Amino acid sequence: MNANAAASPDIPSPASPGDGPGRDIHAHRVLILDFGSQYTQLIARRVRELGVYCEIHPWDAGDADVRGFGARGVILSGGPESVTQPGAPAAPAAVWESGVPVLGICYGMQTMAAQLGGRVEPGDVHEFGYAEVRARGHSALLRDIEDRVNVEGHGLLDVWMSHGDRVTELPPGFKVIASTGDVPIAGMADEARRYYALQFHPEVTHTKQGTRLYERFLREIGACDASWNPGNIIDDAIARVRAQVGQGRVLLGLSGGVDSSVVAALLHKAIGDQLVCVFVDHGLLRHEEGDQVMRVFEKNLGVRVIRVNAAERYFRELAGVADPEAKRKIIGRLFVEVFDEEARKLAGDGADESTRVQFLAQGTIYPDVIESAGGKTGKAHKIKSHHNVGGLPAHMKLKLVEPLRELFKDEVRRIGVELGLPAEMVTLRLADHIFIEELRKAGWYDKTSQAFAVFLPVKSVGVTGDGRRHDPVIALRAVETIDFMTAHWAHLPYELLDVCSRRIVNEVKGVSRVVYDISGKPPATIEWE
């Protein structure tokens, strides 16, 4: 794909197994067709956590694209539509002609049934939430996977349901592999063709054996290996960057967030002094955050960072603009303009081609790509555009380098740790993001003068499930002040603090507990350092 072109929904062909150093970590790949479920990205994360590369593409992908993808398995997601309605979304015919295992989830099960000769009808009883499923038929997918057994010795599973329609008649060649008290066909399979379908959602944590179900489908049914791991991802990314860049110079837009910081560490390892970073201080950061960002970079990254103060420029362009989409477009354009200007400055007058900056690196991650690209037919809605997705202006000659473009946020954090970035850079940024996001949701952000998270250099004992943990602590700080010479700690509602604590512990790997700083200034300072 042309680096300067907008993100395409076309499905790329897989690299050959011999490409790059060692094994091709993309060779064993799974295609996830998205029918609009809120859980689709969660499916992909579960697959990748099991070491298998996968991509999400809209349900309306063409047959040629599906065949060209080279999947070892296909997963059909859930979705909000009803297969009983005219023109309902359906899987491409190539899915059924590919000869690879297929797993349908919720709507994916219903479209599988409808497309292959079964019957789907609106259910008399809708199931939303917890359900108890009984496994039947000793299928390859569910065999010996259970939460408990009943008095008759049948395996039972605790699962999460979210559906109104139901399969009422199996397609030819299928058998029932699961049922509930209200839904006789809660799972079905044609084991000769390796087609499996579940009415419940194994990707959500409420389905306790969900990871085992996906592992069974990927490993035993799909014969996928587990080469998608941080070490292999780093090696692959370094090889790709070196092949793309050669001896060219790379300019990286450094925002201070986890994504661009990980890109900086990765590119520095790949190309060393060919990398120059630019931090654009657009004036939209919190109090003194720009200075803090520069201190962190200088201390931890070991790369050249140029700071550009562009606050007045951003304020002028954004003045009077209320539409969020319009703001994102303006921010993206200004970022590119600033980077273009800095690239010309670095090249200098009369500089030869070898000293000229040829590439612009960005911290684009996979959710950015998913949210910014609509379906090929226009039936898949674009959620929002991202300022770092969509390519470069025609006048700009820099080519894009986006080494994180295939990764989810949690994968980026693991890559950062593997690259040796300190925990306060990788962990703290996400915790801080969660804290600020919840303050905004609750209407408290504008009531505080300054708010941030602090990574404490101590560990405390915690418990997750049945396991003991000894992990770091995150402190939250929010203050109210007029002159920043004195300050009171913000009396945030207990409910808000509870939400922040639960989200940080659940979403930020390696945090044992969260505390709230109730110190005023004086005796404490507002910042911790």
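1. Glutamate 203 lies in the loop between β10 (195–198) and α5 (210–221) of a predicted model. Helices and strands here are DSSP runs numbered from the N terminus, a helix (H or I) having at least four residues and a strand (E) at least two. At 1% relative accessibility, glutamate 203 counts as buried, because buried means under 20% relative accessible area; exposed means over 50%, and partly exposed lies in between (1.4 Å probe, protein chains only). Its side chain makes a polar contact of 2.8 Å with the side chain of histidine 201. A polar contact is a pair of N or O atoms within 3.5 Å; within protein, one must be able to donate a hydrogen and the other to accept it, and residues adjacent in sequence count only if both atoms are side-chain atoms.

2. Glutamate 203 and alanine 44 are 159 residues apart in sequence, yet their C-alpha atoms are 8.8 Å apart in space. With residues up to four places away in sequence left out, glutamate 203 touches Tyr39, Leu42, Ile43, Arg46, Ile105 and Tyr214, contact meaning heavy atoms within 4.5 Å.

3. Residues are numbered from 1 along each chain as its sequence is written, and side-chain values use heavy atoms, with hydrogens and water left out. As the model is predicted, local features need pLDDT of at least 70 and side-chain atom pairs count only at pLDDT 80 or more, whereas totals for chains, interfaces and linings use all residues.

4. For the protein as a whole, there are 14 helices and 19 strands. Of its 529 residues, 53% count as buried. Among contacts between residues at least 6 apart in sequence, 75% join residues at least 24 apart.

5. Aspartate 158 belongs to strand β7 (residues 155–169). This aspartate counts as buried, since its relative accessibility is 7%. A polar contact of 2.7 Å links its side chain with that of tyrosine 130. Beyond four places in sequence, aspartate 158 touches Tyr130, Ala131, Asp147, Arg148, His206, Thr207 and Lys208.

6. Serine 179 is found in strand β8 (residues 175–179). Its relative accessibility is 7%, so serine 179 counts as buried. The side chains of serine 179 and arginine 136 are joined by a polar contact of 2.7 Å.

7. Two residues with positive phi lie in one loop. Histidine 138 is in the loop between β5 (119–135) and β6 (148–149), and aspartate 144 likewise lies in the loop between β5 and β6. Histidine 138 has a phi of about 50°, although it is not a glycine; for aspartate 144, also a residue other than glycine, phi is near 65°. Histidine 138 counts as exposed because its relative accessibility is 66%. Aspartate 144 is exposed as well, its relative accessible area being 63%.

8. The axes of helix α6 (residues 230–245) and helix α7 (residues 258–271) come within 9 Å and cross at roughly 65°. Axes are lines fitted to C-alpha atoms, for helices over the stretch in contact, and angles run from 0 to 180 degrees between N-to-C directions. From α6, Ile234, Ala237, Ile238, Val241, Arg242 and Val245 meet Leu266, Leu267, Lys269, Ala270 and Ile271 of α7. By class, this contact has nine nonpolar, no polar and two charged residues. Ala, Val, Leu, Ile, Met, Phe, Trp, Tyr, Cys and Pro count as nonpolar, Asp, Glu, Lys and Arg as charged, and the others, Gly among them, as polar.

9. Cysteine 224, at 5% relative accessibility, counts as buried. Cysteine 277 counts as buried at 0%. The disulfide count comes to zero, a disulfide being a pair of cysteine sulfur atoms within 2.5 Å.

10. In helix α12 (residues 409–418), Asp410, Glu411, Val412, Arg413, Ile415 and Gly416 are buried. Just after α12, glycine 420 takes a positive phi of about 95°.

11. Two cis peptide bonds deserve a check. Lysine 521 and proline 522 are joined by a cis bond with omega of about -10°, and the bond from proline 522 to proline 523 is cis with omega near 10°. Proline 522 is in the segment after β19 (513–516), and proline 523 is also placed in the segment after β19.
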